Amino acid sequence: MINKSQAIQILNAGLKTGADYAEIFIEDKLSRVIVIENGKVDTSTVARTCGAGIRLLNKLNSVYGFTNEVNVKSLTRLITSLADAFKDKQVLSIDELKTKKVRDKHAPEIPFSEVNDEEIITYLKEGEEVARNYDKRIIRTGAQLAINETKTTLISTKGFILKDEKTHARAALSCVAAENGKIETGFEGPGASAGFEFFKNTVDFKALGERVAKAALLMLEAKECPSGKMPVIIGNGFGGVLFHEACGHPLEASSVSKNLSVFANKIGQQIASPLVSAIDDGTIKNGWGSNNIDDEGNPTQKTVLIENGILKNYLIDDFNGRRMGLKGNGACRRQSYKYEPTSRMSNTFICNGNSTPEEIIKATKLGLYAKSLGGGSVNPVTGEFNFACSEAYMVRDGKVCEPVRGASVIGTGQEILMNIDMVGNDLERAQGMCGAASGSIPVDVGQPTIRLSSITVGGNGGELK
Amino acid sequence: MKLNEKKFFELAKESNFEAADIFFHKGASLSLSVFHGELNSLTQNSGYIITARGVVNGKFGSVTTEVIDKNTPEFLIESIKRTAKVIENDDPSIIFKGSEKYHKKSTFNKDVLTNDVKGKTDLLLDIEKKLLAYDKRIAEVVSVAYEESYSEEKLSNSYGLKLAQKQADYSFVAEVTAKQGEEVRTGFKVFASLDPNEFDEDKFVKEVAEDALSKLGSTQCKSKKYPVILNPETASTLLKFLLQSMDAEDIQKHSSFLEGKLNQQIVSKKLTIVEDPLRKSILFKYFDDEGVATNKKFLIKKGVLSTYLYTLQSAKKDGVEPTGNGYRGGSKASAGTALVVVKPGRTSEQNMISSINEGIYLNDLQGLHAGMNAQSGNFSLQAAGFMIRNGKLAEPLSLITVADNLLEMFNKVKTVGNNSEFVLRTGFDCPSILISKMAISGK
């Protein structure tokens, strides 16, 4: 570790060649995972992640480095080596840093240090057992809880040393169903920035086990999804991954600032149907994607991205903001000290509209109801994205009909947002992991049930009839 | 500070561990990128990770740490005890005594580690200039980056086994956009190598630029079944999923579609796939992460499934020798592969294209983490490429989906090409492959 005067000394060593900002991010994380498989504890691991990441900025250029050796000698050596990339006159020096402990708005009620392994195993086994015994076609089940307790210290030439703590944990239950050579899977992974109380008090793991088993069996019995262009109703909760891929990523300053996003230079313009409003909120209490402060020390905030179809704000970090003439708005995140931070999403969702999910189904003559999605990806430069449907049904004459499997949906973000023609009132959020330049980070996605008037669906089931 | 391994093994013995091992990974890298004529970002990283395991009462405990101080040996031992205590499965917990023979070789070339920030910056700036000058439709260079990295792996265990390997490699990555009217397309290429002299700047510039330019005028094709040529990247991407189903653990747990199919014809006779960890490549390994010696072996021979992929544990359960395919991920190793080589055929890609009246040439697949059902082999993925008409590449295609089943499609192999290339992303040396019919969805 390093003390305040050492921190000042290290920062000043990095400022000699003209950097206008320097930051040292120190992370010490303890992780624990327990994995149950087919009714027995299969593996258990403990991991300690520890290191420091140093960032120097000089106008529109950045240098970054990390090391596991968190001591004054190694950090001085690293920052000096990074500073070699700049060849300007010194513009900044630091004489004082204010130490502040950040208030933990998501502090755990039941910290995991007070929960022994046996209690966690009992909780997981209850749900895993329900899934395993649900039907003889369920041939493999697994459950796990992954716990992370992180302490960070952010030392910045903005004049502060911020000490923050975070607990976040995620449970998962998955199963494999098989019959006549067909194999399908079910999965749910609830998580939060919270302690064991989130699971013990709010996640009924037995009910979750039943849902996961049912989902796998349903897809086993499903026909292949037809392909072609059709109206698609996307279910609430994890259905929000559509918005995350199609719109969320292209709104990050990392691509907007370099004019490399389809939504660059479009503030104030209509980029979505007037039924669509969307928000990114890093302050939601115990939200899986929430943080007290972002990874450059700015407070997290609730940002309105789209209001009635009009683009209002981007997600901005200070560095990319320089190219835009804008300050960071609390969206700067990284996976760990090994990554240079940049603008990312936190908890991102489409807001409630005026229709009920029943009205949306009733209004659809022929199309697909993608009740649950499996994940996807996007090219923010062109806006092209894709996602897979993990639970889907055909809709005929306003009624939900036969389940279909193997469906995937593709399109461009720009078209899709304009094609949302009905928005439900049943908003829910779900957890996921988002991968991009600054690593894999926990995020919430979310939305109410929505309908896309027309999108390309891929599947093995022949033409749409 | 170095880890006191001697102390760790002493404490392990005192705590009555039946066996213990330490896997030490160290890495360092330098990467730079340019944007608009300037060095835009530079990163210099170095770090290490230690994974330690111990067998306590027949159960595996495991711990990972990035901290080496005087307390580390005790921390490792206590964590192993804690994690081993809760294990209930009765799978054999094996720490390897050692293989009889290791094909020890070094591919380490320190000349790759130039530390030459100025020289590489100048080269990247030159590439950026050349890309913009290549064609007036090249609108923007999204990124041009270079990375050189060093890695070192050491395995030591309580039986006295000591293995070590180091490697240095480098890569160039570039992404550009091409614009025509309102249409924007991206082109992307990665070049990676162990040999500092292998990089050809002009060839690289051409490939990146042409990748973007060739997509201008992209449209969707009609939804129907077509003969499809998969280029080396897309062919190896799909074959890699097929290989993942050869994981013996999944077979033993009844969640692989290759269960019961050992030594049976599972795909076309035209497919022969070999794992070759000892060939000089970025993926060179002479021992796997569990200390088992690696060897060249058939994975699929003329369409027949020749072996499953084993770790020490899954091999013991099947009563076979381990195959050197154990990769670390915590306490439990899982099966993986080093360099995979798909045996090329005799037909040139040009001749494959000429043989098709109406078909599709695929060179891009997206959304694999979501659209591929690894257990069943069913997939539905976003794709891009070209229409083939009357034996020639025609209009570019984008935003189409391709759907099929892995086993079924690789039974429909019409031709395996002779144009093998190394695909970094998949770790395959693979040619183009023509599949007689696949379902494509577009308009």
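**The interface between chains A and B and the folds behind it**

In this predicted model, 71 residues of chain A are in contact with 71 residues of chain B, contact being taken as heavy atoms within 4.5 Å. Local features need pLDDT of at least 70 and side-chain atom pairs count only at pLDDT 80 or more, whereas totals for chains, interfaces and linings use all residues. Residues are numbered from 1 along each chain as its sequence is written, chains are lettered from A in the order in which they are written, and side-chain values use heavy atoms, with hydrogens and water left out.

Together, the two chains bury about 5,600 Å², of which 49% lies on carbon and sulfur atoms; buried area is the accessible area (1.4 Å probe) that two parts lose on being put together, summed over both. Seven salt bridges are counted between chain A and chain B, each defined by a side-chain nitrogen of Lys or Arg within 4 Å of a carboxyl oxygen of Asp or Glu. One of them links R82(B) to D117(A), with the closest N and O atoms 3.2 Å apart. On the side of chain A that touches chain B, strand β2 (residues 40–58) of chain A gives the most, with 11 residues; helices (H or I, at least four residues) and strands (E, at least two) are DSSP runs, numbered from the N terminus. That side of chain A comprises 23 nonpolar, 29 polar and 19 charged residues, where Ala, Val, Leu, Ile, Met, Phe, Trp, Tyr, Cys and Pro count as nonpolar, Asp, Glu, Lys and Arg as charged, and the others, Gly among them, as polar.

Strand pairing also crosses between the chains. Strand β3 (residues 61–67) of chain A runs parallel to strand β2 (residues 38–56) of chain B, and five bridges join them; two strands pair if DSSP finds at least two bridges between them. Here Y64(A) has T43(B) as its bridge partner in β2(B).

Turning to the folds themselves, chain A has 10 helices and 24 strands. Its C-alpha trace spans about 70 × 55 × 35 Å along the principal axes of chain A.

In chain B, six strands form an open sheet of mixed pairing, ordered β10-β9-β8-β13-β19-β18. Its edges are β10 (304–305) and β18 (421–423) of chain B, each with a single partner strand, so one side of each is left without a neighbour in the sheet. β18(B) pairs with strand β19 (residues 428–430) of chain B in the antiparallel sense over three bridges, and F422(B) stands opposite D429(B) in β19(B).
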